[in-house]
Amino acid sequence: MNKIILILITASMLFTKGYAQQAEVLTLGVFHFEFPNLDVQQISEEDQIDVLSPEYQKEIELISKKLAQFKPDAIVIEWPLYKQSEIDSLYNSYLTSKHELNRNEIQQLGFRIARMCNAKIYCADAWGAHTTHIEKLLDDDESNEYLAFEESFSNSPDSALYYEDEPIFKQQGILAQLIHLNDPVHIKKDLGNYLIKHFKYESVKGDYTGTDFESGRWFNRNLRILRNIQRIPDTAGKRILIIFGAAHMNILNYLFECSPEYKLLNINDYLK
């Protein structure tokens, strides 16, 4: 009996130790403050806002203070990995009042919160890898195959199924928009958009052209982003705030929920 109790206690200690080593993660899905309109859903100029205007600057300061309560020691941003030194330089200039924050969310939120919490900023964005067939297809944008594939983005029998979310930042503010974007119901619907339309496109009946394209463009990309986050040293990444375009959360949140290395917290517990 004593041996059984000892085994149970040892197992419990090992489990507790493993759980205690998990890094706590907050994922903040955002709209892109500069409105580059590089995504499928476009925001017309008349529906955009100027985040540098006083009313929105006040709101962004409030949002930053809310998220600073998480006390992150690492902030991960949607910026190419190879531009880490550029971000470090800009951030250091900001700390010494030599740089004014521009419109993008990386600086408006990431830089502000990093300064409040003395956190390190990490670039983690990456491009996905494609199959040889997809690389060849994308290499010639004048080929009939490419033009037919491109058409599948806008002209598809699945168009009626596409979930198009109406932005609310102009009517209700940035905070309300972020709460909405990070709602699990919205995130799940958003993932559904990646499983229809061009995902089902076939160059030749029965092939996987669209599926292979989306596998690289989206699913592989987010797996690579996760790998970049895993490279953050344990000593520097016990509490991680991730600021990425909201669409990324339909993959990243699931990966963090499944990973034994991380404990995903609810971002809206901090925003609301």
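Modeller: Start with the whole chain. It has twelve helices and five strands; these are DSSP runs, with helices (H or I) of at least four residues and strands (E) of at least two, numbered from the N terminus. The model is predicted, so local features need pLDDT of at least 70 and side-chain atom pairs 80 or more, while totals for chains, interfaces and linings use all residues. Residues are numbered from 1 along each chain as its sequence is written, and side-chain values use heavy atoms, without hydrogens or water.

Next, charge. The chain carries 28 positive and 39 negative side chains, and the centres of the two sets lie 11 Å apart. Lys and Arg count as positive, Asp and Glu as negative; His and the chain ends are not counted. Each charge is placed at NZ of Lys, CZ of Arg, CG of Asp or CD of Glu.

Now the patch. Glu 135, Asp 139, Asp 140, Asp 141, Glu 142, Glu 150 and Glu 151 gather in it, on the surface. Helix H5 (132-139) and helix H6 (144-154) are the elements that give two or more residues to it. Patch residues have over 30% relative accessible area (Shrake-Rupley, 1.4 Å probe) and no salt bridge, with like charges joined within 9 Å. A salt bridge is a side-chain nitrogen of Lys or Arg within 4 Å of a carboxyl oxygen of Asp or Glu.

Take Glu 150. It is found in helix H6. Glu 150 is partly exposed, at 42% relative accessible area; that term lies between buried (under 20%) and exposed (over 50%). Of the chain's 272 residues, 44% count as buried.

How values were computed:
Patches are made of residues with over 30% relative accessible area and no salt bridge: like charges are joined within 9 Å, nonpolar side chains (Val, Leu, Ile, Met, Phe, Trp, Tyr) within 5 Å. Buried means under 20% relative accessible area, exposed over 50%, partly exposed in between (1.4 Å probe, protein chains only).
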